[in-house]
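Subject: A structure to look through

Hello,

I am passing on a structure for you to look through, and I have written down what was found in it. Please keep it open beside this message while you read.

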Amino acid sequence: MNTLWIILTGALVAASCGFLGCFLILRRMAMLGDAISHAVLPGIVLAFLVSGSRDTLPMLIGAMVAGLLTVFLIQSLHQSGVKTDAAIGVTFTALFSIGVVLVSLYTQQVDLDLDCVLYGEIAYVPWDTWQWGTMDMGPRAVWLIGGVFLLSLLTVGLFYKEIKLCSFDPAMAAAVGIPVLFFHYLLMGLVSLATVASFESVGAILVVAMLVVPAATAYLLTDRLPVMLFLSMGAGILSAGGGYLLATWLDSSIAGAMTAVAGLLFLLSFVFSPRYGLVAKALARRRFRYE
Amino acid sequence: MKGISNASPLTVHDLTVAYQKKPVLRNVSLTIPEGKLIGIIGPNGAGKSTLIKAIQGLVPVASGQTQIYGKPYKQQRKLVGYVPQRETVDWDFPTNALDVVLMGRYGKLGWFRRPGKHDRQLSLQCLQKVGMSDYADRQISQLSGGQQQRVFLARALAQEAQLYFMDEPFAGVDAATEKAIIQLLTELKVQQKTVLVVHHDLQTVEEYFDWVIMLNRRIIAAGPTQEVFTTENLHKTYGGRLQHLGAVLSSSPDAVLPEEEPL
């Protein structure tokens with residue numbers, strides 16, 4: 001049973017991050033995901049300090065506020081003439097460092113382990129259960145990331161055509177009256193939520209891999225956005241399952257193994273993708289030469 | 001059609017646009033007649049693209065008003081079609097030609113509704129009009145530059161607008177695409193639509209456009225092509241940069257262009 005919970009948590013983390021990551025990649029904002037995943041740290045710490053507990057809700061709110069603040073700061077810096085990559089670099093390191101300082105200052109008051117924040121520990125997930133009245137509802141992490149996953153699916157499902165147009169052609173989207181900036185913040189808000197919900201399981205560093213790698217894998221395999229969205233979730237789920245097996249076999253970190261499998265899947269599609277893979281390209285060149 | 005009164009398709013009153021304090025457009029005022037093909041010409045940095053973006057509220061405006069058929073743009077979005085510069089989007093986006101044309105329907109559909117059968121049929125017709133019906137299922141990165149431009153035009157057609165803004169549709173396209181665009185413009189004119197085209201090639205201005213707006217941060221001249229497309233106005237618009245003016249006006253093929261096409 002515990003095995004199942006761990007794999008389910010990993011799969012939900014990978015699927016929601018992969019799904020949202022597609023839009024990050026398509027808007028060439030993969031590094032913004034990186035920034036958000038680090039910059040939510042001070043939000044979480046402040047939420048701990050204010051609420052004095054490890055309750056889910058204050059944590060989510062703290063992370064969301066910090067994530068949106070990151071996006072806002074990057075946007076503002078960029079608009080006043082700082083290059084995007086520099087703006088991202090400055091903003092998230094500044095916020096992350098505040099988080100690190102806060103953790104080290106209040107380490108007595110808050111039961112928050114920096115190692116856990118950075119690397120996560122998915123193996124503990126099954127024991128941290130949610131008690132509803134007297135009932136044991138199963139691991140808290142599953143509910144949390146599951147909720148975020150459903151919320152992401154619902155949001156993108158409802159606003160699919162708006163989000164697609166904002167990603168492909170923001171100028172046209174603005175011209176027909178779609179609030180481009182609102183959707184930008186909406187997506188980044190979801191990324192912040194997914195990040196914080198994935199935090200305890202895979203940690204701040206590997207969450208970036210989950211945001212970028214499955215989506216990049218899916219991008220190589222298809223020319224259709226809906227297919228890409230499904231493939232990214234599939235690649236994520238496969239990484240979670242395969243990663244767990246790998247970790248038990250090697251007796252290593254589960255989150256690390258999941259990411260390694262995600263990387264392996266990317267490598268496979270990079271080499272063998274039917275249209276964009278190295279093999280397909282080499283074959284096409286060869287055909288061309290002989291004709 | 002709903003929302004159309006006797007008012008002019010587009011009036012611009014005292015429009016000023018500034019990027020970081022430096023004015024790009026200064027005190028631009030215009031009244032555009034209905035059913036004309038209108039070229040917007042001027043040197044690089046004259047604010048041609050900025051003008052059509054400012055009218056559609058895509059760049060912040062320092063002062064001034066614009067009206068589409070007598071009302072503010074925000075109330076009249078559905079009457080306006082837009083063809084942005086081809087380079088502004090990522091053509092590696094995972095989608096096909098028909099899907100891009102369908103995006104032209106999004107404005108009319110409103111929230112939560114998905115494009116239906118009617119929208120698909122209309123979009124296919126629009127692709128046909130630009131000679132691209134064979135490429136409906138083609139991934140957009142697999143299209144040539146000219147074909148991509150035609151997909152963009154088809155998307156604007158799918159918007160079923162009354163007033164069109166096109167940002168350099170002729171830039172870097174092949175002969176077939178150029179012909180397709182001209183055919184399309186002629187058809188739009190027959191349907192009494194008004195089309196504003198940002199244009200670079202001075203040699204073809206007289207051939208393509210009934211009306212011309214000559215712009216260099218302010219309006220130099222605007223009116224029927226025969227009246228305002230004169231040596232004197234070209235000098236005023238392009239300053240010393242235009243050296244082969246006589247050649248341009250006589251449409252000689254070896255006339256030297258006053259500027260490089262931006263890549």
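Predicted model: local features only at pLDDT ≥ 70, side-chain atom pairs only at ≥ 80, totals over all residues.

Residues are numbered from 1 along each chain as its sequence is written, chains are lettered from A and ligands numbered from 1 in the order in which they are written, and side-chain values use heavy atoms, with hydrogens and water left out.

Let me begin with the six-stranded sheet. In chain B, six strands form an open sheet with mixed pairing, in the order β6-β7-β8-β3-β9-β10; strands here are DSSP runs of E with at least two residues, helices are runs of H or I with at least four, and both are numbered from the N terminus, while two strands count as paired if DSSP finds at least two bridges between them. The edges of this sheet are β6 (80–83) and β10 (218–224) of chain B, and each has a single partner strand, so one side of each is left without a neighbour in the sheet. From one strand to the next the twist averages 15°, where angles run from 0 to 180 degrees between N-to-C directions and axes are lines fitted to C-alpha atoms, for helices over the stretch in contact.

Within this sheet, strand β3 (residues 37–41) of chain B is joined by four bridges to β8 (residues 194–198) of chain B, and the two run parallel; one bridge pairs B:L37 with B:V195 in β8(B). Four bridges also join β3(B), again in parallel, to β9 (residues 211–216) of chain B, where B:M214 is the bridge partner of B:I41. Five of the five residues of β3(B) are buried, so this strand is largely enclosed by the rest of the structure; buried means under 20% relative accessible area, exposed means over 50%, and partly exposed lies in between (1.4 Å probe, protein chains only). In a regular strand the side chains alternate between the two faces of the sheet. In β3(B), B:L37, B:G39 and B:I41 point one way, and B:I38 and B:I40 point the other way.

Of the 14 residues of α5(B), 13 are buried, so the helix is largely enclosed by the rest of the structure.

Chain B also has a second open sheet, whose four strands pair in the antiparallel sense in the order β2-β1-β4-β5. Its edges are β2 (22–32) and β5 (71–72) of chain B, each with a single partner strand, so one side of each is left without a neighbour in the sheet. Seven bridges pair β1 (residues 10–19) of chain B with β2(B), and helix α1 (residues 48–55) of chain B lies across β1, β2 and β4 (63–68) of chain B at about 115° to β1(B).

Turning to the two chains, their contact takes 34 residues from chain B and 30 residues from chain A. The area buried between them is about 2700 Å², of which carbon and sulfur atoms give 62%; buried area is the accessible area (1.4 Å probe) that two parts lose on being put together, summed over both.

Over all chains there are nine salt bridges, and three of them are between chain B and chain A; a salt bridge is a side-chain nitrogen of Lys or Arg within 4 Å of a carboxyl oxygen of Asp or Glu. One salt bridge brings together the side chains of B:R155 and A:D169 (2.7 Å, N to O), crossing from helix α5 of chain B to the loop between α7 (160–168) and α8 (170–175) of chain A, and both residues are buried.

Within chain B, the side chains of B:R105 and B:D119 meet in a salt bridge (2.9 Å, N to O), and together with B:E160 they are linked in a network of salt bridges.

Best wishes

Terms used:
Contact = heavy atoms within 4.5 Å.
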